[in-house]
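Let me put the model up and then walk you through the parts I looked at.

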Amino acid sequence: GLGGSGGATLLIWLGAAEGVRELLVGTRREYHRFELATRELSTLFRTGERGGGGAAVGARVGPSEALLCQERIGCFVGLGGSPSRKYQLSFREPPLLVCASVPYVLSLHPARGAAGGVARSGGAMHVLEVRLLLTQEVIQTIALPALGGAPPSHLLCHPGDGRGRAEGAPMAEQPATVVTLGSGSLLSLCPLPLPELQRQLVLQRRYDEAARLCASVHGPGTPAEAAAR
């Protein structure tokens, strides 16, 4: 059993071509691996970097790979509980939720106030950071409205196929991201090409957001960012 680790708060299935092989279990203190064939339970590592407990935050990246967070560090784990990549992800602060939609990893964080402090969850906005899986570069930060006044409880992504949208496929077939908020509110986000996204922001007179989006892609101070302003 899980012993003194407490109840499971995170479950991730992993498998191979022949089907599901193991289950990753996260508790308030540790991550565990349950092998289906042998029914053996083994401990992987603690949820806290310094030996203490923390929230179990993770997501399935592919059929046989998962991302498990240890506070500000995201560890990639494959079948057998071994590291599946040579690098780890580094977050600016521990994420509340994560999900993967290849080639992107999305992480949810509390919004920061004007003075740089982290805003309270109740009634405050949260931000969704979108980063490239291979380079870890944050390519977009999305401010989420505080619908219902409660913090988001789930972050779900279509896993993608490892290649992104198929060439020639309509936009409706792109992977969709769904953020579930408290008080029965649901917010659905769908990826759009940069020109289309900027066009919609301009039509809504959200000029500052359009300029910031352009700067995040082309870099601040570039001719493209200046033209957007």
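A quick definition before anything else: buried means under 20% relative accessible area, exposed means over 50%, and partly exposed is in between, with a 1.4 Å probe and protein chains only. This is a predicted model, so to speak: local features need pLDDT of at least 70, side-chain atom pairs count only at pLDDT 80 or more, and totals for chains, interfaces and linings use all residues. Residues are numbered from 1 along each chain as its sequence is written, and side-chain values use heavy atoms, with hydrogens and water left out.

Cysteines, then. How many disulfides does the count come to? Zero, taking a disulfide as a pair of cysteine sulfur atoms within 2.5 Å. C75 is buried at 10% relative accessibility, and C69 is buried too, at 2%. The sulfur of C75 has its closest cysteine sulfur in C69, 7.9 Å away, which is too far for a bond.

Next, the inside. A nonpolar core here is a set of buried Ala, Val, Leu, Ile, Met, Phe, Trp, Tyr and Cys residues joined through side-chain atoms within 4.5 Å. The largest one has 21 residues, and I12 and L68 touch the most other members. Strands β1, β5, β6, β7 and β9 each supply at least two residues of this core; strands are DSSP E runs of at least two residues, helices are H or I runs of at least four, and both are numbered from the N terminus. The largest share, four residues, comes from β6. Another core, of ten residues, lies apart from it, with C99 and L128 among them.

On to the sheet. Four strands make an open antiparallel sheet, ordered β9-β10-β11-β12, where pairing takes at least two DSSP bridges between two strands. β9 and β12 are at the edges with a single partner strand each, so one side of each has no neighbour in the sheet. Five bridges join β9 to β10, and L97 has L108 as its bridge partner in β10.

Last, charges. A salt bridge is a side-chain nitrogen of Lys or Arg within 4 Å of a carboxyl oxygen of Asp or Glu, and the count comes to seven. R92 pairs with E129, with the closest N and O atoms 2.5 Å apart. R92 is in the loop between β8 and β9 and E129 is in β11, so the pair ties together parts 37 residues apart in sequence. E129 is buried at 6%, while R92 is partly exposed at 35%.
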